[in-house]
Amino acid sequence: MTETERVTDKTLRAWLNTGPVDRGIGSGLTFVATAAGALKGQASWILRYRFGGAAGEKVLGRYPNLSLKDAREATRQNRARIQQGVDVAAAKRAERLKALEQVTVAALAQAWYDRHIAKTHKHPEVVLRVLRRHIEPVIDKLGVTEVRPLHIDKELTRILDAGAPTVANDALRHLFRMFHFAVKRRWAKWLAAIEEARNGSAASTQASEDAMAALAKQAQELGMGYERSGRRSCADDTHST
């Protein structure tokens, strides 16, 4: 029995007790934990391999959610795919990007509402009403990757034209926080990767990142514009519909 074959769950826990970890288990399977993760008894299973002469890495899962036995089986399966000519890390990224392209603004709004509004906001029904009446009818069917500053401007202009500047500020605040939530979930980074994959250039990556930054900037500028015109600031926590 080799040294790597003698690694057990007890071994993993002992490694975590000593602090940060970056230890090979065999066949490229690596047990990695940061100092913070080690304190919590958490780590990542990473498969390290070479494909086409270049180094590759794929995160297989998190420990202890993914056991040592299952991590070894996942390694065996991924190694088999690599032998068949599949870059498993690239394939995983492609699957995530495809899934992201199918995420709509409505799905983003629901995820943000469930996470940050439903259980913690003083009046969640007020926020939900703004989402349902003023945001979803216009952009809810758009994919997250399709939203541009023009869409935000069109949405807010429609509300202002209806004579509801206060609601426009509410909608703007919610939109900005929703997309900030998307950035925190790394959807903005995935957007850049989609554009790079489509156009095959580093410039396109920067362009898509600039587009997301422009979206946030325009939202801020629109909000400040409403405030300068004597209407309520988006920083106001009072809600109205």
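Select threonine 30 and glycine 28. The backbone oxygen of glycine 28 sits 3.1 Å from a polar side-chain atom of threonine 30. Keep in mind that this is a predicted model.

Stay on threonine 30. This residue belongs to strand β2. Is threonine 30 buried or exposed? Threonine 30 has a relative accessible area of 6%, and because the cut-off for buried is under 20%, threonine 30 is buried. Now show its surroundings. Beyond the neighbours within four places in sequence, threonine 30 contacts Asp22, Arg23, Gly24, Ser44, Trp45, Ile46 and Arg48.

**Strand β2**

Select residues 29-33, which make up β2. Five of the five residues of β2 are buried, leaving the strand mostly covered. Look at which way the side chains go. Leu29, Phe31 and Ala33 point one way. Thr30 and Val32 point the other way.

Zoom in on β1 and β2. Five bridges pair them in the antiparallel sense. Arginine 23 has phenylalanine 31 of β2 as its bridge partner. Follow the hairpin of β1 and β2 to its turn. Two residues lie between the strands, and serine 27 takes a positive phi near 60°.

Strand β3 (residues 43-51) runs antiparallel to β2 and is joined to it by four bridges. Valine 32 is opposite serine 44 of β3. Phenylalanine 31 has tryptophan 45 of β3 as its bridge partner.

**Helices on the sheet**

**The aromatic cluster**

Now show the aromatic rings. How many aromatic pairs does a search of the whole structure find? There are four. Select tryptophan 15 and phenylalanine 31. Their ring centres are 6.0 Å apart and their planes stand at 50°, so this pair is tilted. Tilted is the class here because stacked pairs have planes under 30 degrees apart and edge-to-face pairs over 60. The pair links distant parts of the chain, 16 residues apart: tryptophan 15 lies in helix α1 (residues 9-17) and phenylalanine 31 in strand β2. Tryptophan 15 and phenylalanine 31 are both buried. Ring pairs link Trp15, Phe31, Trp45 and Tyr63 into a cluster.

**Last stop: histidine 134**

Show its contacts. Setting aside residues up to four places away in sequence, histidine 134 touches Arg129, Glu155, Arg158, Ile159 and Val167.

Key. Residues numbered from 1 in each chain as written. Predicted model: local features only at pLDDT ≥ 70, side-chain atom pairs only at ≥ 80, totals over all residues. Heavy atoms only, no water. Phe/Tyr/Trp six-rings, centres within 6.5 Å; stacked < 30°, edge-to-face > 60°. Buried < 20%, exposed > 50% of the residue type's maximum accessible area, 1.4 Å probe, protein only. Contact = heavy atoms within 4.5 Å. Pairing = 2+ DSSP bridges. Polar contact = N/O pair within 3.5 Å; in protein donor to acceptor, adjacent residues only side chain to side chain.
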